[in-house]
Amino acid sequence: MNRQASQARSWHPGTPGGNNRMGTPVIELEEVRKVYPRLAGDVVALNGVSFAIEEGEFVAIMGASGSGKSTLLNQIGCLDVPTSGRLLIDGRDIRNMSDFDLTNLRRDAIGFIFQKFNLIPLLTAYENVELPLIMKKGQRDVSGRPIDLLRQVGLEGEMITHTPPELSGGQQQRVAIARALANDPKILLADEPTGNLDSKTGTQIMDLLANLHEEGRTIVMVTHDRKTAAYADRVITISDGRIA
Amino acid sequence: MIFSRILFDLAKRNVRLHFLRSLLAAVGIVIGVLAITAMGMMGSSLQLAVSSQLSEGANTLVIYPYTTSGSDEGITERQLRDIKLSAGTNPVIPIMSGSDRIAVGSKNGYAGIYGLDPGDVGDIAEVDKGVSIRGGEGALVGPALAEEYDMRVGSRITLGLDGGRSIRVVGILKESGFSGTMMTDNAIIVSESAFTSMYGDEGYSMVEVIVEDISAIDRVKENIENKMNRREETVTVWDSRAFLDMISETLGSISLFVMAIGGISLIVAAVSIFNVMLMSVSERIKEIGILRSIGVQKHEISLIFLYEAVILGFAGSLVGALVSLIGGYALVSFMFHDMSLFFAPQTLMYVPAGMGIGIAVCLLSGVYPALRAARLNPIEALGAE
């Protein structure tokens with residue numbers, strides 16, 4: 001169903017370095033290294049990774065466990081910063097940003113979708129979606145956006161007053177997607193979004209992501225499943241901290 | 001953003017989720033607040049009760065002879081006349097005092113003896129049973145002494161050693177408690193003439209001036225001192241207000257000490273709150289990771305936990321305050337039978353003060369867990385189970 005979109009963007013060369021002048025890279029990595037100092041010696045999780053992702057792209061990052069793909073996702077998600085190299089998110093180099101600015105960048109520019117949904121168990125579905133809006137505006141939502149977003153992902157009515165433990169896995173992931181969209185982020189980051197779902201529900205969730213992509217969202221997804229990766233325009237494979 | 005509704009809701013819901021645990025921690029605060037508040041209220045009531053008793057004697061100036069070592073010259077008639085002159089219309093009561101061996105029936109011991117002009121007795125003490133002394137005859141005894149020696153009106157006391165003078169009890173005094181100057185509960189009062197006939201006339205041991213208008217006390221004191229001590233120090237004028245201040249200062253430090261003991265239970269409560277907060281943080285590491293990943297700032301994470309501590313503190317302190325109001329009321333009515341002591345602002349002040357301390361203690365106990373929660377690495381927190 002997203003073939004059309006893939007074709008429309010098939011001009012993208014996908015070359016590392018991001019020298020493409022035709023689009024605007026929303027994510028740009030240049031020789032990104034991430035080293036974790038350990039007593040037994042440094043662990044190099046990322047060893048000089050360079051690529052760029054244009055606005056509106058749907059990119060899958062694949063790799064075996066321990067390949068560095070999670071580290072890469074954490075860097076793009078501004079949860080961590082590179083040891084060296086340049087990592088631009090929406091044109092801003094995050095390597096020297098303060099925790100405060102990184103947190104605000106996560107809030108405004110990035111929407112996370114996790115394998116284990118990661119909703120706040122104490123809040124209802126509605127409140128989970130409303131939370132990022134409150135964090136941004138400092139007050140409760142009056143625009144009705146959380147309800148719109150929940151309807152968009154297929155949840156409405158009494159369902160949105162339930163707390164996560166009262167919802168099925170698929171419903172929880174839908175809430176999580178609605179939450180990720182709350183502040184209209186430039187980038188959606190999905191970490192094994194179907195990993196905890198049965199294949200039927202997984203397909204529904206992937207269709208939902210494909211729809212969002214068609215609407216022009218930039219999606220970066222980590223997966224080890226080829227079938228899931230097939231939804232993406234482009235696949236970046238990571239192995240031993242490098243692009244394979 | 002000082003107060004965030006949704007962060008507060010998160011804290012509130014977590015308290016509700018772990019209701020029993022939160023309740024137990026709050027019970028600690030209830031006990032702590034109860035301890036310091038009840039102790040404080042009791043101390044304050046005691047202070048008020050004692051000072052209201054003592055201030056009955058606060059309008060009294062007592063003049064003692066200025067003694068240089070060795071001499072026990074009393075105040076002379078001449079000096080007394082001068083005192084009377086400078087005291088204006090205020091009653092001046094010369095008092096002789098001493099102590100002697102007494103015997104009643106087969107019991108004997110020592111007691112203080114005061115010699116007073118029979119006309120002045122009414123200003124110093126009240127007669128409970130019998131009559132006051134008249135002329136040179138008879139003695140009045142204090143209630144405690146009367147009880148100890150099993151004396152009643154008509155009993156005979158022998159003063160001095162064998163062959164001493166025997167004197168008849170004509171009246172028993174009303175209990176006067178403790179007033180700064182004369183302690184009549186354990187003493188014998190005889191007439192001045194009887195006193196001098198037994199012990200000789202060495203002058204008066206002290207002179208009391210009852211200042212009828214309490215605001216004039218400083219002026220009267222100054223007058224007497226100017227008159228008596230102009231050339232050389234002949235008398236010491238003692239103002240019972242100084243004594244009153246000393247007593248209430250002492251009671252104040254006693255009640256502070258008792259409150260400090262109550263404070264120990266608050267420290268125990270603080271430890272349990274601290275423990276509950278640490279548990280709350282470690283149970284919610286994952287949640288903290290999620291919140292951080294969707295853009296919640298460090299200080300906002302801290303706020304969630306501080307709110308939780310404050311909710312526990314506020315609930316505990318509120319209950320503690322209510323219980324101590326009830327307990328304090330019962331205690332005051334039982335100990336002093338005077339509810340105005342309880343309703344005095346100095347006493348009731350301990351209720352908001354105790355609550356404030358309780359909440360502050362909880363808040364402080366929450367600071368470290370809250371900071372710890374905020375400092376968690378978001379990636380590691382997200383990976384927690």
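Two residues are in contact if their C-beta atoms, placed from the backbone, lie within 7 Å. The structure is a predicted model, in which local features need pLDDT of at least 70 and side-chain atom pairs count only at pLDDT 80 or more, while totals for chains, interfaces and linings use all residues. Residues are numbered from 1 along each chain as its sequence is written, and chains are lettered from A and ligands numbered from 1 in the order in which they are written.

**Exercise 1.** Describe how helix α6 and helix α7 of chain A are placed against each other.

*Solution.* Begin with the elements themselves: helices are DSSP runs (H or I, at least four residues), numbered from the N terminus. Helix α6(A) covers residues 169-181 and helix α7(A) covers residues 199-214, and their axes come within 10 Å and cross at roughly 15°. Here the axes are lines fitted to C-alpha atoms over the stretch in contact, and angles run from 0 to 180 degrees between N-to-C directions. Because of that angle, α6(A) is roughly parallel to α7(A), a term used for angles under 35 degrees, whereas angles over 145 count as roughly antiparallel. Next, the residues: Gly169(A), Gly170(A), Gln173(A) and Ile177(A) in α6(A) meet Thr201(A), Gln204(A), Ile205(A) and Leu208(A) in α7(A). Sorted by class, this contact has 3 nonpolar, 5 polar and no charged residues, where Ala, Val, Leu, Ile, Met, Phe, Trp, Tyr, Cys and Pro count as nonpolar, Asp, Glu, Lys and Arg as charged, and the others, Gly among them, as polar.

**Exercise 2.** Work out which direction α10(B) takes relative to α13(B).

*Solution.* Helix α10 (residues 298-335) and helix α13 (residues 350-375) of chain B pack at an angle of about 155°, with their axes 7 Å apart. Therefore α10(B) is roughly antiparallel to α13(B). The residues of their contact divide into 21 nonpolar, 11 polar and 2 charged.

**Exercise 3.** Find which helix gives the most to the side of chain B that touches chain A.

*Solution.* Start from the whole contact, which takes 18 residues from chain B and 20 residues from chain A. On the side of chain B, α1 (5-17), α9 (285-293) and α14 (378-383) each supply at least two residues. Of the helices, α1(B) gives the most, with 6 residues. Finally, the residues on this side of chain B divide into 9 nonpolar, 4 polar and 5 charged.

Conventions: Angles under 35 degrees count as roughly parallel, over 145 as roughly antiparallel, 65 to 115 as roughly perpendicular and the rest as oblique.
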